[in-house]
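Please study the sequence and the three-dimensional view before reading on. The paragraphs that follow move from whole chains to a single residue.

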Amino acid sequence: MTLGPVGARPAIFRPGWLRPYRYFAFRYKRTWRGTVTSSILYPVLYLVAMGLGLGHLVNEHLQAAHQTGRLGGVGYVQFLAPGLLVASAMQWGTNESMYPVMGGLKWLKTYHALLATPVEVRDLVHGHLAWVATRVGGASALFLTVLAIFGDVVSPLGVLALLVAVLTGLAFAAPVTAFTATQENDAALPVLYRLGTVPLFLFSGTFFPISQLPGWLQVVARATPLYHGVTLARSLVLGRVPVVDDLGHAAYLFVMLGVGLVLARRSFSRRLIV
Amino acid sequence: MQRAGARQEELSRHPGPAGEPARGGEVVVARGLTKSFGDFVAVDHVDFLVRRGEVFGFLGPNGAGKTSTMRMVSCLSPVSGGELSVLGMDSGASGPAIRARLGLVPQEDTLDLELSVRDNLYLYGRYFDIPRREVRDRVERLLEFAHLVEKAEEEVDTLSGGMKRRLTIARALISEPELVILDEPTTGLDPQARHLLWDRLYRLKQEGVSLIITTHYMDEAEQLCDRLVVMDKGKIVASGSPRQLIEAHSTREVAELRFGVDENAAVASKLTELAERVEVLPDRVLLYTEDGDEAVQAAHCLGLRPEASLVRRSSLEDVFLRLTGRSLVE
């Protein structure tokens, strides 16, 4: 066998992020069944519980009070569904950027192995986020399909909610990736989840319109990123043609993604290039 | 001044970035290479050349700066000062292009424990953008090379330390590198595993691959290295072939005499005339001399009766301890 001087020289001018991306995708082959199952089961469980249980109560209450307009003129589950889609995208994006990143940096050291090849830090960060986008996109597509089967996607524009879900997932994934790479161990990760993800999940207009909140909390809610994703997805799923407001929501998420990306590249460089 | 001039000439024989390395030239040229972390200087202005096709060793106690040097040569760690050219390219400007042509065996395995042996090799090959079919062929060859054919489908987690090490080495070869850098490749392995690894490394050398190896096993260095440097506290304190180093820094033979723990120090003063150098250790006295048997006889003539005596050839270990001291480095 020839192990001597190079025979075929590898092409090193392809998009760099593909190399780590291929690795993440290959690894996923081991666990895809489980994640697909849970991606289907999760919305089904929510829709059944909320639709049969809470949804009935809310709908009856609003009808009795002649206030169905408070949910935009749709039933509770139709109101909830797009919010839940985007809130889940946030959670997937966040989760994929906590323990898997810590594993690559510290436990399995797969990032170190990657960087001993022609892969650069920038490629690694982009490959990771591209993979997160794929995961969030796949799970959101399943989620949206389940919603459609349950009849909770009111408008064909709802298909665009998939893009909103991916954008929201990435907008969270990028800064969380940056944060994880600054951590020596995983102690702060559950704290980030409990004090960051969970309050956003509950108070960003996913389960109820933020107009229910006291005035000052409404201001806080409007400033949070999940609110923008949820609101944007909801107007699409319910068939509202995008307007200036919606562009503002999208712009918020794009800026968050851009800033997160810069921070992630920086913290990866600081951590890995010493 | 003249020395610097000569080195400049050596450097200038290398073409610019991405150029072909000169056959038979140097694969690594380091001049005034420095690495610092804040105030701590891990590598302090070192100069060395690694020639194409040779096995070049870095010896030194823990913390001597070997790993920092390896990381710079592998273009994993930016240099803090000095110049470093690898395979004819500047390490700072051409990191990815250099890494495409070298293989790295890091001190700690960075294998994916949850994937199979075969998949670890395959995926690593794909990092280099080697076409699928080609990687598959190379994986099969490397499984044989590393004696891992029967383990190909096993998860890496289940392998022994020696097998993981062989897999890491096989993985470093997937890109058919011209230069392989091994950072303490045999630390923690049993003798069988070490000998198998040495054999594989020797085969690589025969195939024309240049190897850089760090170790603190002296027998390993003597077996494998054509030339080596001894590092201590960030500096190169000696360099040459194993034989040259022994000649320059030790004597041909060493006589080891044991007089009992309490006596060693007391008799040592009587022995100073018998050898070029006398070293007193807690458990024995070492006489560094050209003829060990003669020294032992001379000791007997002085009326000294050691409990035990042993004459041996000087080894690299004697050189190493002479240069880097016997006290523990923590």
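What distance separates the centres of domain 1 of chain B and domain 2 of chain B, taken over C-alpha atoms? The two centres lie 41 Å apart. Domain 1 covers residues 2-244 of chain B and domain 2 covers residues 251-313, with bounds that come from an automatic or database domain assignment.

This is a predicted model, in which local features need pLDDT of at least 70 and side-chain atom pairs count only at pLDDT 80 or more, while totals for chains, interfaces and linings use all residues. Residues are numbered from 1 along each chain as its sequence is written, and chains are lettered from A and ligands numbered from 1 in the order in which they are written.

Chain A contains eleven helices and zero strands; helices (H or I, at least four residues) and strands (E, at least two) are DSSP runs, numbered from the N terminus. Its C-alpha atoms occupy a box of roughly 80 × 40 × 35 Å along the principal axes. Of the 274 residues in chain A, 43% are buried, a term that requires 20 or more other C-beta atoms within 10 Å of the residue's own, with C-beta atoms placed from the backbone.

In chain B, B:S74 belongs to the loop between α2 (66-73) and β4 (81-86). B:S74 counts as buried because it has 24 C-beta neighbours inside 10 Å. Leaving aside residues up to four places away in sequence, B:S74 is in contact with A:A116, B:R99, B:L102, B:L104 and B:I181; contact means that the C-beta atoms of two residues, placed from the backbone, lie within 7 Å. By comparison, the C-alpha atoms of B:S74 and B:E273 are separated by 49 Å, and these residues are 199 residues apart along the chain.

Notes
A residue is buried if 20 or more other C-beta atoms lie within 10 Å of its own, exposed if 12 or fewer, and partly exposed in between; C-beta atoms are placed from the backbone.
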